[in-house]
Structure formats: structure tokens, C-alpha cells
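Here is a short briefing to read alongside the model.

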Amino acid sequence: MYLFYAPDFRPPEYLLDEEESKHCIRVLRLERGDRIALTDGRGNLYDCRIEEPDPRRCRVVAVASQQEYGKLPYRLTMAVAPTKNSERFEWFVEKATEVGIAAIVPLESERSERRHFRPDRSEKIITAAMKQSIKAYRPELRPLTLFADFVAEPFAGRRFIAHCGAALGGMPKRHLAATLRAGEDVQVLIGPEGDFSPEEIRLALDCGFEEIGLGTQRLRTETAAVVAAVIVSTLNAPDEP
């Protein structure tokens with residue numbers, strides 16, 4: 001299946017933009033009558049037939065559709081401090097999109113290594129990863145958000161803060177896999193290389209977050225974020241047929 005992203009698609013006809021048209025006709029060498037899939041990134045997947053194979057403005061027509069294609073039984077929001085090396089954060093964005101995630105929040109914390117975030121490259125990476133992994137839901141990439149502002153936001157699901165130090169809330173830290181239940185909406189906070197400060201951890205606890213660990217190995221920021229996303233996905237995985 002060749003998947004193309006068309007956020008403004010309104011059935012039945014659609015003109016691919018020049019970049020997507022060139023990829024469809026010149027790179028993939030598709031012709032009139034060949035089938036491709038389109039998604040609007042909101043769960044709708046359209047089976048489309050190529051009508052005019054123009055490498056600048058390829059026209060397609062939807063012949064079938066599916067709603068809520070590949071919808072996950074949970075919503076995962078990862079709030080992660082951007083790394084000093086932007087490519088490491090972009091690697092996380094790509095892998096989290098492939099695994100399955102609802103939203104990514106670049107988080108500015110007390111010990112952040114990067115306090116400026118440009119979303120343009122990450123947005124392109126999200127789109128490419130969504131198409132490559134055949135997903136009909138495109139993750140939301142939020143602007144850089146202050147730690148205190150994010151933890152104060154209302155949220156109906158479970159909220160976790162992962163950190164490397166001893167528990168500060170009076171209860172031992174639990175591994176994420178040992179406390180999360182399938183089907184729960186979840187937020188996970190991942191700090192910078194210098195970890196969250198004790199004051200930030202206490203603020204998160206006051207806002208309803210639970211302290212968690214991700215194992216005994218010390219992980220870099222982007223690795224910890226991917227590990228958390230994989231744990232949530234694994235706990236929600238259906239049995240194989």
C-alpha cells in the first residue's frame with residue numbers, strides 16, 4: 001500500500017500537490033488506474049484510483065473508505081525535553097510515530113539543554129513516519145511548553161513522571177509496565193539529561209502525577225521516551241490471531 005497524506009481531502013476527487021505528485025508518478029512510476037491510499041490524518045483512510053497521472057498535479061478519485069483505521073485503544077501523550085542535539089529528539093519523534101502516539105509535547109524544564117524548538121523538521125518527520133508505517137492518525141506536535149504550564153493542564157487519564165532519583169512522594173517508584181493498565185489514556189514526562197529537579201517532581205506530584213521508573217539501566221532522554229512509548233503500546237497489544 002502506498003499511503004499519501006492529504007489533510008484537506010474532501011471526497012471524491014483530490015489533486016496531489018506537486019511534491020506528492022512527483023513521488024507518485026516519477027518515483028513510484030504509478031499509472032492511470034493504479035491504486036493508492038490517502039489519509040487525512042484524522043483516522044480516515046481512502047482507497048483511491050489514479051485518474052490523471054500528472055507529475056505536477058496528479059488527480060485521484062476515492063472509490064472506498066474506512067473510518068477509524070488503525071485506531072488505538074488508548075491515547076498517549078509524551079512530554080519530552082528536547083535534546084541538545086536536535087537529531088536525537090527527531091529520532092524519538094519518528095520512532096514514537098511508528099509505535100503509535102497521540103501527541104508530542106516538547107517540554108522546557110529547569111535543566112533543559114535546549115530552550116528553543118523549531119517544529120518544521122519534526123512536522124515533516126511525523127508525516128513521513130506516519131505514511132511509512134501506514135497510519136491514518138497523525139500525531140499532534142505541540143509548541144514548546146513550560147513544565148509548570150503542562151503539569152497544571154487538566155487530564156482525565158493516568159499521568160506519570162519518569163526520573164532517575166529516589167521517590168519523593170512517600171511511595172516507592174513502580175515500573176511503568178507494572179502500574180499501567182490496558183486501555184488507559186496516559187501522559188508520560190521525560191526530562192533532560194540532567195533529569196527533572198526535585199522541585200519539578202514535587203510540583204508534578206501535587207498535580208496528580210505518579211512517579212515511575214523505566215528499568216535499572218540509565219537511558220538517554222530520547223531512548224527513555226521511546227521505551228515508554230513501546231511499553232504503553234505493548235501493554236495494549238491485542239493477541240495475535
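Strand β4 (residues 45-52) and strand β5 (residues 59-66) run antiparallel and are joined by 7 bridges; two strands count as paired if DSSP finds at least two bridges between them. Cys 48 sits opposite Ala 62 of β5. This is a predicted model, in which local features need pLDDT of at least 70 and side-chain atom pairs count only at pLDDT 80 or more, while totals for chains, interfaces and linings use all residues. Residues are numbered from 1 along each chain as its sequence is written, and side-chain values use heavy atoms, with hydrogens and water left out. Helices (H or I, at least four residues) and strands (E, at least two) are DSSP runs numbered from the N terminus.

**The sheet and its helices**

- The open sheet has 5 strands in the order β1-β3-β4-β5-β2, with mixed pairing.
- β1 and β2 are at the edges with a single partner strand each, so one side of each has no neighbour in the sheet.
- From one strand to the next, the twist averages 40°.
- Helix α1 packs on the sheet and touches β1, β3 and β4, its direction making about 170° with that of β1; angles run from 0 to 180 degrees between N-to-C directions, and axes are lines fitted to C-alpha atoms, for helices over the stretch in contact.
- Helix α3 lies across β1 and β3, running at about 150° to β1.

**Two helices side by side**

- Helix α2 (residues 86-99) packs with helix α7 (residues 221-235) at an angle of about 5°, their axes being 9 Å apart.
- On the α2 side, Arg 88, Trp 91, Phe 92, Lys 95 and Val 99 meet α7 residues including Glu 222, Val 226 and Ser 233; contact means heavy atoms within 4.5 Å.
- The residues of this contact of α2 with α7 comprise 7 nonpolar, 2 polar and 3 charged, where Ala, Val, Leu, Ile, Met, Phe, Trp, Tyr, Cys and Pro count as nonpolar, Asp, Glu, Lys and Arg as charged, and the others, Gly among them, as polar.

**Nonpolar cores**

- The largest nonpolar core has 30 residues, and those touching the most other members are Leu 76, Met 78, Phe 92, Leu 176, Val 188, Ile 190 and Leu 214.
- A nonpolar core is a set of buried Ala, Val, Leu, Ile, Met, Phe, Trp, Tyr and Cys residues joined through side-chain atoms within 4.5 Å; buried means under 20% relative accessible area, exposed over 50%, and partly exposed in between (1.4 Å probe, protein chains only).
- Elements that each supply at least two residues to this core include α2, β12 (186-190) and α7, and α7 gives the most, with 7 residues.
- Beyond its neighbours within four places in sequence, Leu 214 contacts residues that include Ala 162, His 175, Ile 190 and Ile 231.
- A second, separate core of 16 residues includes Ala 6, Phe 9, Leu 30 and Ala 62.

**Backbone points to check**

- Most residues other than glycine have a negative phi, and most peptide bonds are trans.
- The bond from Pro 11 to Pro 12 is cis, with omega near 10°, and Pro 12 is in the loop between β1 (3-5) and β2 (13-15).
- Arg 29, not a glycine, has a positive phi of about 60°; Arg 29 is exposed, with a relative accessible area of 66%.
- Asp 195 also has a positive phi, near 70°, but Asp 195 is buried, with a relative accessible area of 12%.
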